[in-house]
Amino acid sequence: MKNFRKNQGITLVALVVTIIIIIILATVAINFAFGDNGLIRRAQGASDYYMNDIEYTDRSIANVESYLDEIVNDVEVEQVTDENPGVLEGSGVANDPYTINSIEDLVFFAYDVSDGNTYEGQTVKLGLSLDFNSNKSYVEPLRTDYEEYGYNGELKTLLTTGEGFKPIGTTIRNDNSEKYSFAGIFDGNGKIISNLYINIDFGDKEPNYQCALFGLNYGVIQNLGIEKCNITAKAGTCLECASIAGRNSGEINNCYSSGKMTYEVNVRTYRRNRRQLIWYNTQ
């Protein structure tokens, strides 16, 4: 009987010691894994470093490609210094016009018109020449925060591939009762927009599609050059395609364009609506 009690006592002590050791080891392990300098934080830091390194590498490659493109095409692109990309500086009056200082500004301007702001009675000026293919024309070419404006991904990539640039203004409904047009004054200021890329397949849903820098213009477009544009449009119904304005019910003064424009319309639909098919060739 005495031996039994003695063994029982030793067993309880061993159990308590074991539990204490387990608690200590668990505390050490948790701290080792989740502490300020633990494995989890180190792994997260390594992951962040890796992602930043990839982003830096991608940006460096894009800069080199942009630089080589300038050399090959013998062009000089001014580096934008827009402190508020996506925000048009100025008040819109003639002596203080809204100014487009980057590709980001141009993207916002296109979205704003297509969202219902006609800019009627206001003036918008192009502050400097812009090249969609050059990183210098963007504040951040790899930015991915422009989903609100219809670009879900890296901005420059989406503007130069896929559907490309979304035109400034458009007709929405079949009966043309709802139009989102530009009705102000757009002063190109003697500047040039290069490598405008648009590639849109409108399908067979509705008639009266516009495809150009300005989809629908009721205002004045002046002093603007468009060079090396690449515009492609397809539709099963009426298609209005051009480089500067797809449908122009306003004025286009002292402007020019060069590049490539192609369109494709369903043959039967084209025959039925041939009088409605409009090709504004501003070359």
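**View 1. Lysine 228 sits in strand E10, residues 220-235.** Strands here are DSSP runs of E with at least two residues, helices are runs of H or I with at least four, and both are numbered from the N terminus. Lysine 228 has a phi near 55 degrees, a positive value in a residue other than glycine. Most residues other than glycine have a negative phi. Lysine 228 counts as partly exposed because its relative accessibility is 30%; that class lies between buried (under 20% relative accessible area) and exposed (over 50%), using a 1.4 Å probe and protein chains only.

A word on the model: it is predicted, so local features need pLDDT of at least 70 and side-chain atom pairs count only at pLDDT 80 or more, while totals for chains, interfaces and linings use all residues. Residues are numbered from 1 along each chain as its sequence is written, and side-chain values use heavy atoms, with hydrogens and water left out.

**View 2. Asparagine 189 is in strand E6, residues 185-194.** With 33% relative accessibility, asparagine 189 is classed as partly exposed.

**View 3. Helix H3 (residues 103-114) carries aspartate 105.** H3 is mostly covered, with 10 of its 12 residues buried. Ile103, Leu106, Phe108 and Phe109 are among the buried ones, and so are the acidic Glu104 and Asp112. After H3 comes glycine 116, with a positive phi near 120 degrees.

**View 4. Aspartate 105 is buried yet has no salt bridge.** A salt bridge would need a side-chain nitrogen of Lys or Arg within 4 Å of a carboxyl oxygen of Asp or Glu. The nearest side chain of opposite charge belongs to arginine 143, and that's 8.4 Å away. (Lys and Arg count as positive, Asp and Glu as negative; His and the chain ends are not counted.) Look instead to valine 87, whose backbone nitrogen is 3.3 Å from a polar atom of the aspartate 105 side chain. Leaving out residues up to four places away in sequence, aspartate 105 touches Asp82, Asn84, Pro85, Gly86, Val87, Leu88, Thr99 and Ile100, where contact means heavy atoms within 4.5 Å.

How values were computed: Polar contact = N/O pair within 3.5 Å; in protein donor to acceptor, adjacent residues only side chain to side chain.
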